[in-house]
Amino acid sequence: MLTEQQITQFNTFGFLILRNVLNAKEIQKLNVEFETKLTRTTGGKSKNKEERMSWPSLGPDTPFTSALLESPSVTGIVSSLFGDDYFGISCNASSLCGETNWHPDADNLHMKGLKVLCYLQPLNGNSGALRVIPGSHINALHDDIKSVQMDEPKHDGLTQLALVSNSKSGFKIEEIPATICSVNPGDLLVFDFRLWHASKGGSNDRRMISMIFIKNAKTPEEEIAVNESVLKSQKNRAHRAKAAFGKRNEQVSEYHPNWVANLGNNPRRQRWINWMREKKYF
Amino acid sequence: MVEKGQLAHFETFGFLVLRQVFSPEEMKDIIGAADEMWETALTTNKKSVSFVGGENDPGATSFRYIVERQPRLTKLAEDSRIYDVLKGLLGSGFIWAGSEGQRGRVSTSWHNDRPGKNQNKYTRIKVHFYIEPTTKTTGALRVIPGSHRSPFHESLEPLMSHHIENNDSINSDKNEIDRVRLLPFGVEGADIPCFAFESNPGDVIFFHQNLFHAVYGGLGEGRRYIAMKFAAQPTTNEHIQFIKAHTEYVFHPHEDFLNSNSPRIRGMVENLEALGAKVLN
């Protein structure tokens, strides 16, 4: 589905923005499901709260969002980049607020994975669009960034890799040179786990669907990287889901039994489930 | 003096921005001095002038030696706010590598100034002052952070090839599909991921000359900038060959600098002729 040039662009810069992949009706369906879930969170809508909320979206109450993980629009992108030997492991919805300091989702450079994001509102550099450091998914840049002092970040369960300045003399989020990934609803933003990214200027309740794909490890080093990533991400997402829904005794397992049961006998999903079972996702 | 954080920023991203180094009053004098040079360039210094605007602006010019020939601009080369930063980035004994003053509507596609194998191992810095405010869409210098370092540097080679072959003039006889197919990474130069140095007069950018950079966007009446070039002290034959490959004129510094009363200025040029002679022999 991607052209050769788009693949080269992704491999070189570590990310890709694909415009108008989802149409207005599809975005509306995502919004309806999102709104329904959001009203059931602890304390109601987060619009007035500075609190990030996140929940898994593979259950029967979010059928359209759930189906996105396996839709040709998305899997076509992933297959172009990873071939067919990959696993779709997560489809989450998030209501974001505030800023996120610079970080990569994976620091082990043997980790081959990517995120596909769909934002449900227009975003630019002043309203919380993702900003990325192009090319920072590989060395020398990936590791060099750790030597650049940054102002003390707000932590959000993210592994702190940046060099934190205790004297507020470090660079602020917006002072780190980056590409702003301005998007409109319907666009998909794809980025490599290892790419440094952040956001600044976002209002409360920025709505995002994020899907995670991991390429099957081929070497011992890649296997170690994958196992590290699996462990870290499970803890993070479980913590957020519990924070969002735990008090209302909602089922907070990331993987709804219906999805895992794979009642449609989808062979690709079954392969994913077998791998996730092996990795103790459930 | 460069702070540790600034050094890390330069080494990592290939450039350093300092905001409002020069006051509005100082900029007024700098602009006046530069304008005097531009106004007289074609009559008094024709050999030092190149026309660089192409079809966009046939009258756009680049004036070599703008700093050397204008005493009010020469002081920029030894100003501690510039000199001390360069000492921190290049080390002691850094050398002068020339200056230019450009005026007009000049866009330039993605390139680095010193292409060639291993050229990025030798640090050369260009210092830019823009005389008009610039934004991303109105002529600001764009850079790809970190692109001075290998292997990222080499992966961007398609941009350099495109710049050399086309200088961004896309073959108009090709259909749209073929035209886009020939673009590096399949996107227009203005859409290549980058950081734009949006600036106001008084801001200064120091950038590694192997960093990929470009200028896109509507240029209106045109823009003006002054640039000074410096290099680390060459300590190997390879460094000297690198200089010779792109800028042999470095070995023939302007007489006004050779005869300067300033120890800093003289220090940057006094050994260059001897170095050049060594290479040529």
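Guide: Strand β2 (residues 53-56) of chain A is joined by four bridges to β3(A), and the two run antiparallel; within this pairing, A:M53 stands opposite A:S95 in β3(A). The model is a predicted one, and the description that follows should be read accordingly. On β3(A) there is a further pairing, with strand β12 (residues 206-215) of chain A, again in the antiparallel sense, over 10 bridges, and here A:A93 stands opposite A:I209 in β12(A).

In chain B, strand β2 (residues 49-51) pairs with strand β3 (residues 61-64) in the antiparallel sense over three bridges, with B:S62 in β3(B) as the bridge partner of B:S50. β3(B) also pairs with strand β4 (residues 95-104) of chain B, in the antiparallel sense and over four bridges, and in that pairing B:F63 stands opposite B:G101 in β4(B).

Turning to where the chains meet, 19 residues of chain B are in contact with 23 residues of chain A. On the side of chain B that touches chain A, the elements giving two or more residues are α1 (4-13) and α6 (152-155) of chain B, and α1(B) gives the most, with six residues. By class, that side of chain B has 10 nonpolar, seven polar and two charged residues.

Notes. Residues numbered from 1 in each chain as written. Chains lettered and ligands numbered in written order. Predicted model: local features only at pLDDT ≥ 70, side-chain atom pairs only at ≥ 80, totals over all residues. Contact = placed C-beta atoms within 7 Å. Nonpolar A, V, L, I, M, F, W, Y, C, P; charged D, E, K, R; others polar. Pairing = 2+ DSSP bridges.
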